[in-house]
Amino acid sequence: MKGVSRNLYGVLFVVVTALLLVAPGLSAQEELAENQVLDVGVAASDLNTLDPHLAVGTQDRGAVDMVFNGLVRFKPGDMDPEKIEPDLAKSWEVSSDGLEWTFHLREGVMFHPFPGQPDGYEMTSEDVVYSIKRAANPETSAYSGSYDNVESVEAIDDYTVKLTLDKPVPSLLGLVSDYSGGFVVSKKAVESMGEDFTTHPVGTGPFAYENYVPGQKTVFTRNENYFRGEPVLQEVVWRYMPDISSRLSGLRTGELDLIEGLRKQAWIEQVKNYKGVEPVVFGPGETVTLHFNLTREPLKNIKVRKAIVYALDRATINNFYGEAITTPLYSPIPANYLGGLTKEEVMAEGLAYEQDLEKAEELLNEAGYEEGFELDVVITERESYKKTLVVAQEMLKKVGIKINIKQIDHSAYHSQIRDDVNPLVIYVCARFPTANSILTQFYHSASVVTKPTAITNFSHYGDVDADGNGTIDNVDKLIEIARTADDPDFQKALWGETQKEILSDVAAYPITTLGFSFAKKPSLEWGYDLNSTLALTPQIKWNTKLLAE
Amino acid sequence: MTSYIIRRLLVAIPTLLVVLTLVFLLVRVAPGDPATAVLGQQASREAIENLRTKMGLDKPLWKQYFDYLTGLVHGDLGKSLISRRPVGSQVLHALPFTLQLTITGVLLGSLLGIPLGILTAVHRNAMLDYLGRIFSLAGLSIPAFYLGILLMMAFSIQLSLLPTVGGGEQGDIVDLLYHLVLPGLTLGLIMTAYVTRMTRSSILNILNQDYVSTARSKGLAERIVIYKHVLKNALVPILSVLGVYSIVLIGSSVMTEIVFSRPGLGKLMVMAMKQRDYLMLQSLLTVYAGLVVIINLFTDLSYGMVDPRVRYE
């Protein structure tokens, strides 16, 4: 017994000594800055709208992310749809046919105060039902298209919501998550405030709207009643600063804590050298893909398209963007999306099309273009788009293909490519991270840009004979079956198959994924690991904090 | 004089109308679409068409034009197509920031530029003249946004004296002035360069006149020759140039506002342009045109103050 207690004392002594030694380090590390006001510089002249169902701009997405919650949420800093976790709903069940989803809401969650409700009020199923209906309505939502298969949504009781679908939807949870239409708004606030709601959002999130100064800033203050706990930051100030040099100056002078940066290797290298500035690069990033217009001569001919992709060198194009912000892309769907093919999977099928100039010339000869040809292509002034085309222009010159580039402004570019003017379309985008979103929007025949149901199928893939064997090549069925498949492995296999079809028909050439680039003070701590987020800006959470410098 | 002012203002109406019509057409001819700006790139063509209808962009052009003019007559500039907020209140909020900035620029430019111009002219081909000319050449060639960044590097990052972000809190005069120093200095220095150059050349021109030789030959002190005879006569061309360059300065204020994130008209305009916010853009450009008309009127009125021969009939 004596021996036992002596041992116990011994152990205790060691533990206490160790704690004493470590403790100063711990407390120093955890010491908070006195001023918990976070100043963020975003690359825009002003907000567009803080209505979460209409917010599409990068400057607004990060702001609504702090104000609102969904029924479920992506793990902070991680957009893997397989790691979705409870948020306003504490649990949910789904019927065996995947058509009925029942969500059980967290009780006691309060909406932020707003005019007429100085203490806020409790969020119930009424608000959830209202929000989902609102998100599905094209009049009030930019994301209504994603809710086409929602047949009904009803409140069973104050804390239970039932959602019924007419057919299964892949990753339905995404539709009620902290992304786009999934945010839950206060019914009373929307109804009583009308259009003011766009600059005075009312939600349940860790930060509540405080005030808005047009053209300057929106101030959010901490929501002391936040259901996960009282936020550490007292205020978050969202400042609208379109010029990068002034954002960077603001960070260097200490007026700002976090800024949107430039997606350039050189910029990241530059800011690394500044004291008190830390670059931040995160995903999901935007995919850069070259789409071939399969209705145009000479691109109709698969040999010509193959010649083009064999003449291009993916690695070189990636290097022009810089390795700090790029991940080479080998398949139409990035590998970090659910259902995306990895580089190895694409290589195994021989569909990576690594550069081979001889082969390219051979293919051009076979196609009857020994002398090469010319293409007129319009492009936006945005670097992320233009760079690919300019580098490709140089590479294609070597095999006798001349690209004549005409530069127009970004808004004009987006309208012209939708009018089907370009033989080659460079498209940069981030989508909901499942294969379904990109496959449907870019490769389903209903999305062909010339149709009334058009989205962004620039290649006309699905309507034309892409490989020249006399039949129309179409992946609509594969996309549709995959969309409603209940077996995840089967679904992934179908998505894989679809991507292989697209690659072997050379409807598009995937090039790179560009990460988002920000810079922050070293003293800013997210409170989670930031790898990727659909908010397009680093998420400011209740446990995000500024440490003493 | 009152009747002159009224007449000038009445004449301004057709001018503004022409500007408005041109702008109205030009912004709509440019490719691009506000509905896509609102709904984002994932939206289907159908949703975009619906929104265009809601925005009233499917109506015939003459109808849109007529509706806009009717609103204008009633003092209503309409609502931004993108944010749905009234254009009028946004313009009113931004206007003071732009006015403060340009007025500071013009004042600083005149206070520094006129004396510097006189000095360089009087000491023609001396060291001071060379320095002054180098300074004004530099000021003429340097774009406002670049000068702004240089000043920012020096006074904000290196010396930590002045802020770089925003326009200050509305209603707090000290804070507003504090935020006005660097952008004001940016425009002020550029204006100084213009004014120095112009003052110098108009004074040199007058120094060669016979009546200056007469004044000198009758034994007047050089100081009196310069102030009484030369400067008084040089003021009319200087004032007219001041007017012209004030207008140029409004152009430079756009980039200065962007660099210093000042919430003025320029910042509003750049955003409206990117998003093809037709209503916002046509109103803003009309406001700019109005400013030009007013500056020209003030310039013309100021002639009378320095030159008694000018009469407003």
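Predicted model: local features only at pLDDT ≥ 70, side-chain atom pairs only at ≥ 80, totals over all residues.
Biologist: What is the area buried between chain A and chain B?
Modeller: The size of an interface is often given as the accessible area lost when the parts come together. Here 53 residues of chain A are in contact with 42 residues of chain B. Carbon and sulfur atoms give 49% of the buried area, which is about 3,700 Å².

Biologist: Which residue of chain B meets Asp46(A) in a salt bridge?
Modeller: Side chains of opposite charge can pair when their charged atoms come close. Between chain A and chain B the count is 3 salt bridges. In one salt bridge, N to O at 3.7 Å, the side chain of Asp46(A) meets that of Arg85(B).

Biologist: Which element gives the largest share of the side of chain A that touches chain B?
Modeller: There are 10 residue pairs in polar contact between chain A and chain B, counted with both residues at pLDDT 80 or more. On the side of chain A, the elements that give two or more residues are strands E8, E10 and E16 with helices H5 and H12. That side divides into 21 nonpolar, 19 polar and 13 charged residues. The largest share, 7 residues, comes from H12(A).

Biologist: Which element gives the most to the lining of the second largest pocket?
Modeller: The second largest pocket has a volume of about 1,200 Å³. Elements giving two or more residues to its lining are helix H13 (435-443) and helix H14 (476-484) of chain A, together with helix H3 (45-55) of chain B. With 4 residues, the most comes from H13(A).

Biologist: How do the residues of the lining of the second largest pocket divide into nonpolar, polar and charged?
Modeller: The lining of this pocket holds 40 residues. Those nearest the pocket centre are Gly145(A), Ser146(A), Asp148(A), Thr440(A) and Ile455(A). The lining divides into 15 nonpolar, 20 polar and 5 charged residues.

Biologist: How many residues apart in sequence are the parts that Arg73(A) and Glu85(A) tie together?
Modeller: Over all chains, the whole structure has 30 salt bridges. One of them joins Arg73(A) and Glu85(A), whose closest N and O atoms are 2.8 Å apart. Arg73(A) lies in strand E2 and Glu85(A) in strand E3, so the pair ties together parts whose separation in sequence is 12 residues.

Biologist: Where is Pro298(A) found, in a strand or in a loop?
Modeller: Most residues other than glycine have a negative phi, and most peptide bonds are trans. The bond from Glu297(A) to Pro298(A) is cis, with omega near -5°. A cis peptide bond also joins Gly283(A) and Pro284(A), with omega about 10°, and Pro284(A) is in strand E12. Pro298(A) lies in the loop between E12 and helix H7.

Biologist: What is the phi of Asp420(A)?
Modeller: Asp420(A) is in the loop between H12 and E16 of chain A. Asp420(A) is not a glycine, yet its phi is positive, at about 65°.

Definitions and conventions:
Residues numbered from 1 in each chain as written. Chains lettered and ligands numbered in written order. Heavy atoms only, no water. 1 Å grid on protein atoms, 1.4 Å probe; cavity = no way out; pocket = protein on both sides within 12 Å on 5 of 7 lines; lining within 4 Å. Points joined across faces, edges and corners; volume = space filled by probe spheres on them. Nonpolar A, V, L, I, M, F, W, Y, C, P; charged D, E, K, R; others polar. Contact = heavy atoms within 4.5 Å. Buried area = accessible area lost by both parts, 1.4 Å probe. Salt bridge = Lys/Arg side-chain N within 4 Å of Asp/Glu carboxyl O. Polar contact = N/O pair within 3.5 Å; in protein donor to acceptor, adjacent residues only side chain to side chain.
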